[in-house]
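Hi,

Here is the model you were after, with the sequence alongside.

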Amino acid sequence: MATDLGELLVPYMPTIRVPRTGDRVFKSECAFSFDSPESEGGLYVCMNTFLGFGREHVERHYRKTGQSVYMHLKRHVKEKATGAAGGAIPRRRNGKVFLDLELNRDFNGDDYEYEDEAKLVIFPDHFEIPLPNIEELPALVSAQVTIACDAVLNAASAYKKQEPESWDEEIQVSRHARSLRQLDNGVRIPPSGWKCQKCEMRENLWLNLTDGAVLCGKWFFDGSGGNGHALEHHRETSYPLAVKLDTITPDGADIYSFEEEEAVLDPHISDHLSHFGIDMLQMQKKTENGHHRENNSRPRVSEWEVIQESGMKLKAVFGSGYTGIKNLGNTCYLSTVMQVLFSIPDFQRMYVGNLQRIFDYSPLDPSQDFATQMAKLGHGLLSGQYSKPPMKSELIEQVMNEEHKHQQKGVSPRMLKALVSRGHPEFSSNRQQDAHEFLLHLINLVERNSAGSENPSDVFRFLVEERIQCCQSRRVRYSQRVDYCIQLPAPMEAAINREELLAYETKRKEAEENIQPLPEPVRARIPFTACLQAFTEPENVPDFWSSALQAKSAGVKTSRFASFPEYLILQIKKFTFGVDWVPKKLDLAIDVPDFLDLSLRATGLQAGEEELPDLMPPIVLPEDTRAPEIDEAAVMQLAEMGFPLEACRKAVYYTGNMGPEMAFNWIIAHMEEPDFAEPLTLPSMMDSGPSTSDSVMGATPLDPNSPPEESIAILTSMGFPRPHSISALKATNNNLERALDWIFTHPEPEESEALSDMADTEPNDNGFSNANSHSDATLSPDRDTTGPRIKDGPGRYELFAFISHMGESTMSGHYVCHIKKEGRWVIYNDHKVCLSERPPKDLGYIYFYHRLSS
């Protein structure tokens, strides 16, 4: 019989591989479902790709790839037998176990034992070869198969294997750290509101540790934006070290050495930061339970109890839509966001309604496909397959043994998390994250992966009209931008218990001075109407240049809804920084209403209002108008590839000296142009604008909302047409990452449309003009092919979900969410799903409303 089985294996021997370094072996979870070796059908691991499949999905992989040999893994979990004295009788486990296989259940390991079974299965006839019998196969077959099977069984978990690899290249201490010279120039860095000193970028900002210059980094395909001004500053000054502003924590920060060209450590970073007014050592410390709090403050027990509804006899619920998500360690921010998204019909229809089509057309490695992993999680949450109520016999046994009530296991989001966090410096870590930031990150991924198909995130998209007024000339300018979430300020001065708060603050200061116990904290109670009022209040525009005055002036900005989304997301701005950079969470409660009627519709230009002229600030040329600075090393590197020297110089110049890779992309995109190899010529002051009859005092009559040329150059260097690049930047408020996503999700318009819609000198060139009307009808995408897809309608909403945060900082604590289903509120607390008795709607962090029908 063994000889016959060996003969069956011979044709497939070339397809049986031994896992090499870098291969991930998925032997704990199916790529399409949450089946595992503990499931009834076990798990099938392909002996060529090492992907795992449940019994329901292994045939699909066989049909698609033709791979016939799989290792079938089955784990039998058993309760330990008890002896006469009540103790467990030791039993010998199966000698062959699956190393690094994570248990897919929550139980006490002392009360259970497991036996593992492994065998090879040959498709399509399901011939089975138990692994202990492999040695009986012919020698030619036995040796190779034994090596491959042992390597699979002993391979580390597909996810555990990534963790040590991330530490292979240990970050070294910079040689400049000890002797770093810092200029005594009086620079103090505020805790927020940063922007690049050479452009308007407000992300990927780096603080030079020598002179305190705040400048943007490079722009990469992973979404980190910038125009390379930090590197340019180093080339001009040779100041070696910079720290990324949004990474500073009590435990350290991301530091880069320009001279060493790598990330480095700075043992004196706290002293170097304090030179600029950043006191990182006084930031809140972590307590043993992982929550941030100051040493002299009491833990916020009440908040944790109220939000989790502790002390109440909550009834567990099971079935479709009531499946929990296992916490993998600080992943509750992901769990709460996914629970809310998959309670929205558009996401259910896109990923679960199209499940079979998505699975059938998935790539050869479905673990790396966004749609597949979203469909997998959505099906796991909505099918009820992983949320089944206990059997009556189990309930009786629990009562007899006085055990805790039955809780479902929940599904593990490990595969989805690994995919959506790949390449992201924060979400790929095991640290707690901001649920709001992750929500926007996920919407970005949905947009990027929905090109040419239904986009469920359309339900969140809306237009904001911004009105800027010059305080001196009283003239105005209207513009529109796309957004997905409204951030509501929490005005503490509007608290209805202000006297009580002032009394508490007085007692707290007295207690601190007299070294006495602090009084019981008082929570500020703020009306929701005050938050809306604060949102609509005019705000000052920093560095406003008035085209009417041809000079800098005071300007104020107000925001209104140019359209209302189908689903409205409100974030309460609870987190802030003190003047010493100490992060803190505002202790407040807001009476968020169940029903919302927004009367904040934008009106557009009103009668009697006069628009600001469509002029840009005058172009100021540097005193030294000699040839531009060009990275000659990058030029020579490109020239060595065989490209014309002048073309290489132009490529390096037009990509802002951002390196040979970006310049190479520019060359590929422009090499068919007739002037590709002609010398670089720069426009002079005289030919950069029209005649003086059309301008005043040297100002250029361009669209005031025209994106920066550096951003346009980066997109055009990737091969995107200039008009389409301008449309993308305008639609995304000049955000490079979102502009790139916009281009992929908005195909290039016809040439005639592009010429009519993208004329730079048109004063109303924002692509959003159709959204200014007061009509409640849905805005059809056909009405504006270059603008964003929105689903406008009335501003009447009903609350259906909210996410709450417990703890002192978004870097710590815990998230839970409450969702209204079938007329009742349900609390989702990791894998636990129960009916809510008292949903704490006043303590939420992110609120979700759905539009009411007319």
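Cys 332 touches Asn 327, Gln 432, His 814, Tyr 815 and Asp 830, leaving out residues up to four places away in sequence; contact here means heavy atoms within 4.5 Å. Before going further: this is a predicted model, where local features need pLDDT of at least 70 and side-chain atom pairs count only at pLDDT 80 or more, while totals for chains, interfaces and linings use all residues. Residues are numbered from 1 along each chain as its sequence is written, and side-chain values use heavy atoms, with hydrogens and water left out.

UniProt (unreviewed entry) puts an "active site" at Cys 332 and His 814. The two are spread over 483 residues of sequence, yet they cluster in space, with a largest C-alpha distance of 6.5 Å. UniProt positions are in the numbering used here, feature names are shortened, and annotations may be inferred rather than shown by experiment.

Cys 332 lies in helix α8 (residues 332-341), and His 814 lies in strand β27 (residues 814-821). Helices (H or I, at least four residues) and strands (E, at least two) are DSSP runs, numbered from the N terminus. Cys 332 counts as buried because its relative accessibility is 1%, and His 814 is buried too, at 9%. The scale is under 20% relative accessible area for buried, over 50% for exposed and partly exposed in between (1.4 Å probe, protein chains only). Beyond its neighbours within four places in sequence, His 814 is in contact with several residues, including Trp 304, Gln 308, Cys 332, Gln 432 and Asp 830.

Next, the other annotated spot. The unreviewed UniProt entry has a "binding site" covering Cys 196, Cys 199, Cys 216 and His 229. These are spread over 34 residues of sequence and cluster in space, the largest C-alpha distance being 8.4 Å. Cys 216 is in strand β7 (residues 214-216) and is buried, with a relative accessible area of 0%. His 229 sits in helix α5 (residues 229-237) and is buried as well, at 8%. Not counting residues up to four places away in sequence, His 229 touches Cys 196, Lys 198, Cys 199, Leu 215 and Cys 216.

What is β7 part of? An open sheet of five strands, in the order β7-β6-β8-β9-β10 with antiparallel pairing; two strands pair if DSSP finds at least two bridges between them. β7 and β10 (262-264) are at the edges with a single partner strand each, so one side of each has no neighbour in the sheet. Three bridges join β9 (residues 255-257) to β10, and Tyr 256 has Ala 263 as its bridge partner in β10. Helix α5 lies across β6 (205-208) and β7, running at about 120° to β7. For angles, axes are lines fitted to C-alpha atoms (for helices, over the stretch in contact), and values run from 0 to 180 degrees between N-to-C directions.

Last one: Asn 657, in the loop between α18 (645-654) and α19 (660-670). Asn 657 counts as buried at 16% relative accessibility. Its contacts, leaving aside neighbours within four places in sequence, are Arg 235, Glu 629, Ile 630, Asp 631 and Val 652. As for the flanking helices, α18 and α19 pack at about 120° with their axes 8 Å apart.

Cheers
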